[in-house]
Amino acid sequence: MYPLRQSRRFFHTTLVQLAKKPSKKGKASKSSNTSSSSNIHALLGRSSSKLSVGIVGLANVGKSTFFQSITKSTLGNPNNYPFATVDPEEALYKVPSEKLDTLASIYGSEKVFPSYLKIVDIAGLVRNASKGEGLGNQFLNDIRNVDGIFQVVRGFDDEEVTHVELTVDPVRDLEIVSDELLLKDLDTVEGALERNKKGMKSMKANDRKEIERENEILEKLSEIMMEKGRLLNHTGWTEEEVNVVNQHKFLTAKPTLYLLNVSKEDYLSGQNKYFDDVKAWLKEHSPNEKVVMFSADHEHDFVESTQRSSVIDDMVKEMKSLLNLISFYTCGPIEAREWNVKLGSSAPEGAGMIHTDLQKGFLNCSVWKYDNIVENKDMVVKGVVDKSVKFDKHGKGYEIEDGDIMLIHAVGGKTR
């Protein structure tokens, strides 16, 4: 049906070339060399700071065991047969933050409030899920509702744990999942084009032009995906194209961290016979994405322990980065709190994370840089920064930077 074995390197080349072609009206699209400030606002995915990550993979590869490990919970259903998980389970994971811990110590804060990431355990996929096999559309719709993907790939041999494909082959499994997501995205494009073309018949001229432009972008995406491409979060997209991609929540546009689930012995030795093959596959097909070797069984041993896993912490930090989330902080003697915002968020948008009244009445903000506070920690007395410590005042146009310590000023003398 589709040439699904084409290399994704061709996709990347095609995408850049198409992005540089002029539109039918003669206007050139923005190239990948546009400035970072203009591209910051053209990010794939939701602009919300409350983002979620789905644990995805073929049925029975260790997703639920990983979910229990990452959330330190007994949620999920880690049985050794396919489709033990049907309805998605959700839990919150505290995002590790050395900066927050350091700031809380410097400010002498009584309470510390970290940020959290929602983790969703999604039912397993099987070959032909896009045609309704297994849990089919339920699985694919659950992926549509998350913002990022932890894709678990089986890299351990165990005759007692059934594999839906009967044999262990991580590269084959990667291709199955990738193909099913891509086929679903192609169906989404075809459905949207059909609906738009039907609806255009009763539209006014101006509205029709807008839909015609959306159709041009959808047809471009279809052409790219037909060559076995993936929609990646890269700087080649124009803001107009990003809006269309985000509107339709394409599955292959979601940032993905690949997790090779190996045996305890392989994890502790740092060697696995499948790891190099998985790396080679990603290098050829998705060179911007990473694979991490871990053992769900090994991590599961710490579910009832107070000890945190550095491996899982690193996974969550990497996913936070892939989701284009940054952090700012509000600090004082009573509390130190971390707030997640999307890269490129304005100061009023950050204020809205704290309280909608602060966003509505935003006047300006005082901003200290993390490194400057650390260098002058002796100048922070009883949670108050000495006036001699450098800070900047910004208005509504300020874009929050990772690590900012902010004091929001709003109408009515409200500060936070």
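**View 1. Phe 328 and Trp 339 are both buried in this predicted model.** Under the ring-pairing rule, the count comes to 4 aromatic pairs. Phe 328 and Trp 339 make a stacked pair, 6.4 Å centre to centre. Their planes stand 20° apart, and planes under 30 degrees apart count as stacked. Phe 328 belongs to strand β8 (residues 325–331), while Trp 339 belongs to strand β9 (residues 335–342). The pair therefore ties together parts that are 11 residues apart in sequence.

**View 2. Phe 66, Phe 150 and Phe 294 form one aromatic cluster.** Look for the rings of these three residues, Phe 66, Phe 150 and Phe 294.

**View 3. Helix α12 covers residues 310–322.** The helix has 13 residues. At 1.5 Å a residue, it should span 18 Å. Its end C-alpha atoms are 18 Å apart, so the model agrees with that expectation. Which residues of α12 are buried? They are Val 311, Ile 312, Asp 313, Met 315, Val 316, Met 319 and Lys 320. An α-helix has 3.6 residues a turn, so residues three or four places apart point the same way.

**View 4. The charged end of Lys 99 sits over the ring of Tyr 370.** The distance from that charged end to the centre of the Tyr 370 ring is 5.3 Å.

**View 5. The charged end of Arg 154 sits over the ring of Phe 156.** Here the charged end of Arg 154 is 4.3 Å from the ring centre of Phe 156.

Terms used
Residues numbered from 1 in each chain as written. Predicted model: local features only at pLDDT ≥ 70, side-chain atom pairs only at ≥ 80, totals over all residues. Heavy atoms only, no water. Helix = DSSP H or I, 4+ residues; strand = E, 2+ residues; numbered from the N terminus. Expected span 1.5 Å × (residues − 1). Buried < 20%, exposed > 50% of the residue type's maximum accessible area, 1.4 Å probe, protein only. Phe/Tyr/Trp six-rings, centres within 6.5 Å; stacked < 30°, edge-to-face > 60°. Lys NZ or Arg CZ within 6 Å of the ring centre and 35° of its normal.
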